Amino acid sequence: MGFKGIIKGLGITFKHFFETYSEDLKQGPDRYKTAKGIQDRLSADTKGIFTVQYPEEKIPVPEAFRYIPFLVYDETDEGGRDIRCTSCGICAKVCPPQCIWITRSVNQETGKPVPKPEKFFIDIDICMNCGLCAEFCPFEAIRMDHDYEIASFERMDHHIYDLEKLLKPASYYARIHPTQYAEEEAARLEKEAKKAAARAAKTT
Amino acid sequence: MSEPILVSTIPDFDVLYPEYVRKDERPGYSGFIIQSSSLLEFAKIVRDEWSYDFLTSVTAVDYFPEGFEVVYHLFRSLGGGILTFKVELPRENPQIDSLFEVFPGSELQEREVYDMYGIVFIGHPDLRRILMWEGFAGWPLRKDWKEAYYEEESKPFSSRWPNGEAERAETTNPFQANLKYPSGFDPEKWEPEGEDALYMGLKKSGQQDGLDTDFMVVNLGPQHPSTHGVFRMAALVDGETVVDLKPVVGYLHRNHEKIGERNTYLQNMPFTDRIDYINSMSNNFGYALAVEKLMGIKPPERADYIRVIMAELSRIQSHFMVTGFLLNDLGAFFTPALYALKERELILDIFEEVSGSRMMCNYFRFGGLARDLPEGVLQKIRDLVFNRLPRKIDEMDELITENEIVTARCKGIGVLSAERAIALSAVGPILRASGVPYDVRRADPYSIYDRFDFDVIVRYHGDIFDRYLVRIEEVRESIRILQQAINQIPEGPIFEGKSQYQVKVPPGESYGRVEGPRGELGFYVVSNGQSNPVRYHIRAPSFINLTGLQEMCRNEKIADVVAILGSIDIVLGEVDR
């Protein structure tokens with residue numbers, strides 16, 4: 001009893017086993033540890049072995065992938081950092097687990113708030129990677145990172161990220177979110193052109 | 001023109017029974033308010049005379065400082081809309097008749113309401129705490145109860161901005177300083193008397209062949225590989241036969257609903273991902289529907305199609321997974337489960353590309369979606385649903401359905417009859433395997449499900465095997481829906497206007513429900529017009545399906561209990577919330 005089912009089941013296992021080697025022969029050494037090989041294992045007609053041997057092989061993350069926010073700064077011509085964040089606090093307000101803390105800068109002389117963050121903290125133990133901060137940031141200043149290898153030995157020392165740790169250049173942002181960055185840049189240029197046109201119209 | 005379907009209209013109970021029923025006339029509310037003394041009578045009338053035979057959800061709302069309201073949602077197993085009725089209770093010593101006699105499916109839910117609000121259900125056979133432990137002080141969902149790491153009534157917390165200084169909750173409020181016990185309670189000396197109460201709830205010894213026999217209690221879990229998480233079954237066995245069995249839940253309880261009441265409406269969206277973490281898309285769907293109903297908005301056409309595509313993909317991967325793990329429970333250790341997971345991976349890859357995360361999708365917004373489909377994804381989905389998935393489901397069907405071991409272990413085991421399934425409020429594949437063709441997508445169509453051509457799968461034996469068959473067939477139906485949706489999906493916006501992080505929700509209540517892979521997933525949301533919901537309740541299908549576990553397991557062998565539990569398909573994140 002149960003003999004037919006066992007044979008059939010073993011047949012399927014054997015088929016998987018066999019396909020692994022037949023695909024190896026067909027694709028040659030490209031099958032492993034190359035982008036093409038990994039892509040093949042992610043496609044709808046993948047056959048045989050399916051596992052990706054992390055960490056030797058890594059599945060490329062899609063653009064929308066979100067993992068721990070970072071703050072974007074623009075590089076100025078003199079090599080300085082122009083932080084995009086204006087410390088408006090929308091990210092801190094929208095954050096579901098409330099893991100963002102922001103101290104707004106204050107002009108020492110006048111006592112008025114300056115649109116720059118003095119301190120910015122994200123507790124990555126609490127962050128749930130939902131991406132709402134990046135979605136609702138009106139200044140394109142906070143974005144979701146792709147770096148998911150953040151394990152450390154001591155959580156008390158390393159897991160509250162401060163401004164220094166959070167800041168990353170716009171070029172990095174452009175590299176990991178190419179489509180979104182291009183769209184935003186296009187919108188920004190258009191806006192600036194409009195402004196310039198309006199200014200030109202005013203002066204004439 | 002055909003005649004209008006009668007099942008969909010809700011009778012005017014306030015006109016029919018004016019002595020104890022009145023209409024709920026608060027703006028934004030619907031349904032009826034029943035006098036608490038006549039609740040049982042009314043419940044019998046709606047069940048027997050108006051065929052509202054399915055009690056789907058029991059919950060309560062705390063209208064601080066006034067009083068409590070116990071809310072009941074019912075529907076007809078023939079189809080149609082939801083009947084809501086409520087009973088008002090005072091804050092002091094709230095008591096109400098249990099509906100257990102009329103609707104046995106209320107058992108676990110009434111226990112939950114008791115546990116969370118301290119509302120006593122008179123006549124309930126086993127009224128104990130269910131999610132919290134016995135040494136717990138207070139009633140967590142009451143508005144005047146504050147949790148251990150309480151900061152403020154509602155988010156966003158004022159300490160975060162503009163003068164935010166990072167601090168850890170455990171340093172400001174260290175462990176043990178945040179614990180509360182009932183007065184006179186000493187945790188060191190505590191002996192779990194709740195255990196006795198649990199075992200007392202089980203049937204005691206009986207006579208066999210003229211001899212007095214003593215039964216043995218076997219605890220499966222909380223750490224047991226068969227329970228798919230931290231779940232415990234206290235079984236009373238006679239030899240190898242289960243005489244009685246009680247599920248013990250709550251090990252993963254995190255008071256999701258309290259968190260939900262502190263959150264703003266949008267902040268709840270990523271939290272819904274974490275109820276049933278296998279199907280975040282379906283959870284998003286249910287919650288978005290409930291809040292959209294309150295706000296009175298509808299998403300644009302394209303967004304609706306993407307929602308359906310995502311929800312159906314989610315159903316497919318969930319059914320694949322449960323089928324694979326059912327074989328695990330039968331003893332085919334992990335090889336078939338991994339073949340099923342392989343197909344699931346390909347679907348998760350699509351979720352990742354679309355939403356940014358494989359499991360915690362957080363993809364739906366009120367009135368649309370977080371973002372449009374990236375380029376090339378539609379083609380990937382097309383490859384899967386037109387080519388790979390139909391092939392794979394056939395392969396799986398062929399391998400499992402005729403397997404002698406599977407049929408021997410599953411046929412005729414864990415039977416739940418149609419009447420009992422309805423009475424015990426079982427939903428989803430369990431209800432349909434018992435011969436009740438009830439599917440929310442058909443019975444009370446939401447979103448754009450009325451446009452698609454698909455069948456409601458039904459089987460009639462009510463055993464494990466039929467539940468498995470229902471799931472396999474449902475995958476095929478989902479593929480059918482997906483094929484139609486992909487061919488019809490229009491171009492256009494996925495959001496009207498701009499997505500807001502502070503949505504304006506008018507006062508009122510709404511119950512949004514979807515047919516999740518585990519059955520009817522409902523969200524009951526009450527708003528008072530402010531930025532945080534007053535009440536955010538989840539009708540969790542796997543939790544309520546457990547009500548029937550006791551009956552399914554009686555007189556089965558202890559080894560089959562594992563398979564029966566596997567066929568119910570529970571996700572502990574959803575059971576315990």
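Predicted model: local features only at pLDDT ≥ 70, side-chain atom pairs only at ≥ 80, totals over all residues.
## The contact between chains A and B

The contact draws 39 residues from chain A and 40 residues from chain B. On the side of chain A that touches chain B, at least two residues each are supplied by helix H1 (3–27), helix H3 (90–94), strand S3 (100–106), strand S4 (113–123) and helix H4 (132–136) of chain A. The largest share of that side, six residues, comes from H1(A). Sorted by class, the side of chain A that touches chain B holds 21 nonpolar, ten polar and eight charged residues.

Two of the strands named above, S3(A) and S4(A), also belong to an open sheet of three strands, which has the order S3-S4-S6 in chain A and antiparallel pairing. Its edge strands are S3 and strand S6 (160–161) of chain A, each of which pairs on one side only. Seven bridges join S3(A) to S4(A) in an antiparallel arrangement, and within this pair A:Thr103 stands opposite A:Lys119 of S4(A).

A:Gln98, in the loop between H3 and S3 of chain A, has a positive phi of about 55 degrees although it is not a glycine. This residue counts as buried because 23 C-beta neighbours lie inside 10 Å, and the cut-off for that class is 20 or more. A:Asn129, in the loop between S4 and H4 of chain A, likewise has a positive phi, near 55 degrees, and is a residue other than glycine. With 18 other C-beta atoms within 10 Å, however, A:Asn129 is partly exposed.

Strand S17 (residues 535–539) of chain B is largely enclosed by the rest of the structure, because five of its five residues are buried. In a regular strand the side chains alternate between the two faces of the sheet. In S17(B), B:Arg535, B:His537 and B:Arg539 point one way, while B:Tyr536 and B:Ile538 point the other way, and all are buried. Strand S16 (residues 519–527) of chain B runs antiparallel to S17(B) and is joined to it by five bridges, with B:Val526 standing opposite B:Arg535 of S17(B).

B:Thr56, which lies in strand S3 (residues 54–63) of chain B, counts as buried because it has 25 C-beta neighbours inside 10 Å. Leaving aside residues up to four places away in sequence, B:Thr56 touches B:His73, B:Leu74, B:Phe75, B:Ser425, B:Glu520, B:Gly522 and B:Arg539. By contrast, the C-alpha atoms of B:Thr56 and B:Gly492, which are 436 residues apart along the chain, are separated by 37 Å.

Another open sheet of three strands, antiparallel in its pairing, has the order S10-S11-S12 in chain B. Strand S10 (216–220) and strand S12 (241–248) of chain B each have a single partner strand, so one side of each is left without a neighbour in the sheet. Neighbouring strands of this sheet are turned against each other by 25 degrees on average, direction ignored. Strand S11 (residues 232–238) of chain B pairs with S12(B) in the antiparallel sense over seven bridges, and B:Val237 stands opposite B:Val242 of S12(B). Helix H19 (residues 558–568) of chain B lies across S10, S11 and S12 of chain B and runs at about 150 degrees to S11(B).

## A helix pair in chain B

Helix H8 (residues 280–295) and helix H9 (residues 301–330) of chain B pack at an angle of about 135 degrees, with their axes 8 Å apart. That angle makes H8(B) oblique to H9(B), and the crossing is left-handed. From H8(B), B:Met281, B:Ser282 and B:Phe285 meet B:Arg307, B:Met310, B:Ala311 and B:Ser314 of H9(B). The residues of this contact divide into four nonpolar, two polar and one charged.

| Residues joined | Omega |
|---|---|
| B:Lys155 to B:Pro156 | near -5 degrees |
| B:Trp161 and B:Pro162 | about 0 degrees |

B:Pro156 has its place in the loop between strand S7 (120–122) and helix H4 (169–172) of chain B, and B:Pro162 lies in the loop between S7 and H4 of chain B.

Definitions and conventions:
Residues numbered from 1 in each chain as written. Chains lettered and ligands numbered in written order. Contact = placed C-beta atoms within 7 Å. Helix = DSSP H or I, 4+ residues; strand = E, 2+ residues; numbered from the N terminus. Nonpolar A, V, L, I, M, F, W, Y, C, P; charged D, E, K, R; others polar. Buried ≥ 20, exposed ≤ 12 C-beta atoms within 10 Å, placed from the backbone. Pairing = 2+ DSSP bridges. Axes fitted to C-alpha atoms, helices over the stretch in contact; angles between N-to-C directions. Parallel < 35°, antiparallel > 145°, perpendicular 65-115°, else oblique. Left-handed = near helix turned anticlockwise from the far one by under 90°.
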